[in-house]
Amino acid sequence: FPSHDIGGYRRGKKTERLNKKIHYMMINHPDQPVGPGGESFNRALDRSSRYIKKILQEPGNTLIVSHNSMLNMIELWYRHKANKDFCHSQEFRKQYTDNKVKKNTGSCFMLAKENGGLLYLVRHGDTTDTVLGVYSTKDGILTNQGVREAQKIGKFLKNKKIDSVHT
């Protein structure tokens, strides 16, 4: 499940200064790309919310594996009942950027689907990007810890009926 494309900042070292710059763009300029060559906050939100709306209407149980930032966006959107006006408000963007809840790598939480099924949301396991302290790249691979986390989630999901998977 694709994360928010922050463009040229993707390979950047995660620093407080760069986080503040990214969050400033998200909060105050939601229709402009967050980073050079990236996508805007509103585009990422619209893209993910269209996808999630469709998934929530599908029958059965669904598994999504993604990045912390995208999982937080989905959870906040869901919590506000997909209210488009609120989700495009500055208050929503502030809540998103203020979210200090870091889901541990390899963690899972669930949301109820409209049809009685469950949406399992899993943060990917620990990667080389996490270890290097950089924003997610397409080159990051699971570390040994990430493999163990994936195996642990696999054991948790083993006896669950999963009808579709999105990564």
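**Exercise 1. Strand pairing.** How many bridges join strand 2 to strand 3, and do the two run parallel or antiparallel?

*Solution.* The structure examined here is a predicted model. Begin with the pair named in the task: strand 2 and strand 3 are joined by 5 bridges and run antiparallel. Within this pairing, M110 has Y120 of strand 3 as its bridge partner. Next, follow the hairpin that these two strands form, where 5 residues lie between the strands and G116 adopts a positive phi near 95°. Then turn to strand 1, which is joined to strand 3 by 5 bridges and runs parallel to it; here the bridge partner of L63 in strand 3 is Y120. Finally, consider how covered strand 3 is: 5 of its 6 residues are buried.

**Exercise 2. The largest pocket.** Describe the volume and the lining of the largest pocket.

*Solution.* The largest pocket holds about 1300 Å³ of space. Its lining consists of 42 residues, of which K14, H67, S69, Y135 and S136 are the closest to the centre. Sorted by class, the lining has 18 polar, 13 charged and 11 nonpolar residues. Helix 1, strand 1 (62–66), helix 3, helix 5 and helix 6 (128–132) each provide at least two lining residues, and helix 1 gives the most, with 6 residues.

**Exercise 3. A loop residue.** Is S40 buried or exposed?

*Solution.* First locate S40, which sits in the loop between helix 1 and helix 2. The relative accessible area of S40 is 10%, and buried means under 20%, so S40 is buried. As for its surroundings, leaving aside neighbours within four places in sequence, S40 is in contact with H4, P30, D31, Q32, P33 and V34. By contrast, S40 and N159 are 39 Å apart in space, C-alpha to C-alpha, and 119 residues apart in sequence.

Methods
Residues are numbered from 1 along each chain as its sequence is written. This is a predicted model: local features need pLDDT of at least 70, side-chain atom pairs count only at pLDDT 80 or more; totals for chains, interfaces and linings use all residues. Side-chain values use heavy atoms; hydrogens and water are left out. On a 1 Å grid over the protein atoms alone, a cavity is a set of points where a 1.4 Å probe fits but cannot get out, and a pocket is an open set with protein on both sides within 12 Å along at least five of seven lines; lining residues have an atom within 4 Å of a point. Grid points are joined across faces, edges and corners, and a volume is the space filled by probe spheres set on the points. Helices (H or I, at least four residues) and strands (E, at least two) are DSSP runs, numbered from the N terminus. Ala, Val, Leu, Ile, Met, Phe, Trp, Tyr, Cys and Pro count as nonpolar, Asp, Glu, Lys and Arg as charged, and the others, Gly among them, as polar. Buried means under 20% relative accessible area, exposed over 50%, partly exposed in between (1.4 Å probe, protein chains only). Two strands pair if DSSP finds at least two bridges between them. Contact means heavy atoms within 4.5 Å.
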